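The sequence and model come first.

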Amino acid sequence: MDLETIAPDLGSPDPGQVAVGQIAAGRFVLRPVRPSDAGLIAHHAADRRVAEATQNIPHPFPPGAAEAFVARAMQHERPGSVWVMDGSASGLSELLGVISLKPMEVKEGRSGQSEVAYWVAPALWNTGIASEAVRALIAANPLKDCTYFAEVFQDNPGSARVLTNAGFQYLGDAEAFSVARGARVPTWTYIRKLHP
């Protein structure tokens, strides 16, 4: 399924409202990052709970970091893809969270592997937003990958449920450095085979 294709779901945005480069995701769309997102990204990323659930968001969140993130995400030569979870068409916030794919392996003539990462604004935790975003990304498979990987901190079982509910299988334990915590934190690693 390519980016222009609608992923059907109850409550999906009207197909006429899903633009090229967007992915329908239930109550919202995944769309490319734009400069106007910097303010809401900075607002949510500055929340300690968001930062500590990710590997790369620092806390406190430095001035200019959101603008730098947006600039990197908008560069066409940047490896990987980043989308904003935008619920504005259905009366939700313009920025519910962010989801990304980071290519891990690309082989000529066949699909590679990418790592899925995401965060959702804390006010929307436990509302199914992350699950809808992950399922939509799997259905669209915009990079035509054969495998997705994901890693979550072991003290974040909600994110682990998002992955297992989307068909990810537990692969093993590891640990990763959290910039916000300034420490290595135990993780669970997951894998999801795709059909490009």
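## Packing of H1 and H3

H1 and H3 cross in a right-handed manner. Ala 38, Ile 41 and Ala 42 supply the H1 side of the contact, and Ala 66, Glu 67, Phe 69 and Val 70 supply the H3 side. By residue type, this contact of H1 with H3 has six nonpolar members, no polar ones and one charged. The model is predicted.

Two numbers describe a packed helix pair: the angle between the axes and the distance between them. Here H1 spans residues 38–45 and H3 spans residues 65–74. Their angle is about 125 degrees, and their axes are 8 Å apart. Angles from 65 to 115 degrees would count as roughly perpendicular, and those over 145 as roughly antiparallel. H1 and H3 are therefore oblique to each other.

## The buried side of H5

Helix H5 covers residues 157–165. Its buried residues include Ser 159, Ala 160, Val 162 and Leu 163. These four cover an arc of only 155 degrees around the axis, so they sit on the same side of H5. An α-helix has 3.6 residues a turn, so residues three or four places apart point the same way.

Just after H5 comes Gly 167, with a positive phi of about 90 degrees.

## The loops on either side of H3

The loop between helix H2 (48–52) and H3 contains Pro 60. The peptide bond from His 59 to Pro 60 is cis, and its omega is near 0 degrees.

Gly 80 belongs to the loop between H3 and strand E3 (81–86). Its relative accessible area is 22%, so Gly 80 is partly exposed; the buried class ends under 20%. Leaving aside residues up to four places away in sequence, Gly 80 touches Leu 101, Lys 102 and Pro 103. Gly 80 and Leu 101 are 21 residues apart in sequence, yet their C-alpha atoms are 5.3 Å apart in space.

## Two asparagines with positive phi

Where is Asn 126 found? It lies in the loop between strand E5 (110–120) and helix H4 (129–140). Asn 126 is not a glycine, but its phi is positive, near 65 degrees. Its relative accessibility is 78%, so Asn 126 counts as exposed.

Asn 141 is in the loop between H4 and strand E6 (147–153). Phi of Asn 141 is also positive, at about 40 degrees, although this residue is not a glycine. Is Asn 141 buried or exposed? At 5% relative accessibility, Asn 141 counts as buried.

Definitions and conventions:
Residues are numbered from 1 along each chain as its sequence is written. This is a predicted model: local features need pLDDT of at least 70, side-chain atom pairs count only at pLDDT 80 or more; totals for chains, interfaces and linings use all residues. Side-chain values use heavy atoms; hydrogens and water are left out. Axes are lines fitted to C-alpha atoms, for helices over the stretch in contact, and angles run from 0 to 180 degrees between N-to-C directions. Angles under 35 degrees count as roughly parallel, over 145 as roughly antiparallel, 65 to 115 as roughly perpendicular and the rest as oblique. A crossing is left-handed if the near helix is turned anticlockwise from the far one by less than a right angle, and right-handed if clockwise. Contact means heavy atoms within 4.5 Å. Ala, Val, Leu, Ile, Met, Phe, Trp, Tyr, Cys and Pro count as nonpolar, Asp, Glu, Lys and Arg as charged, and the others, Gly among them, as polar. Buried means under 20% relative accessible area, exposed over 50%, partly exposed in between (1.4 Å probe, protein chains only). The arc is that of the directions from the helix axis to the C-beta atoms.
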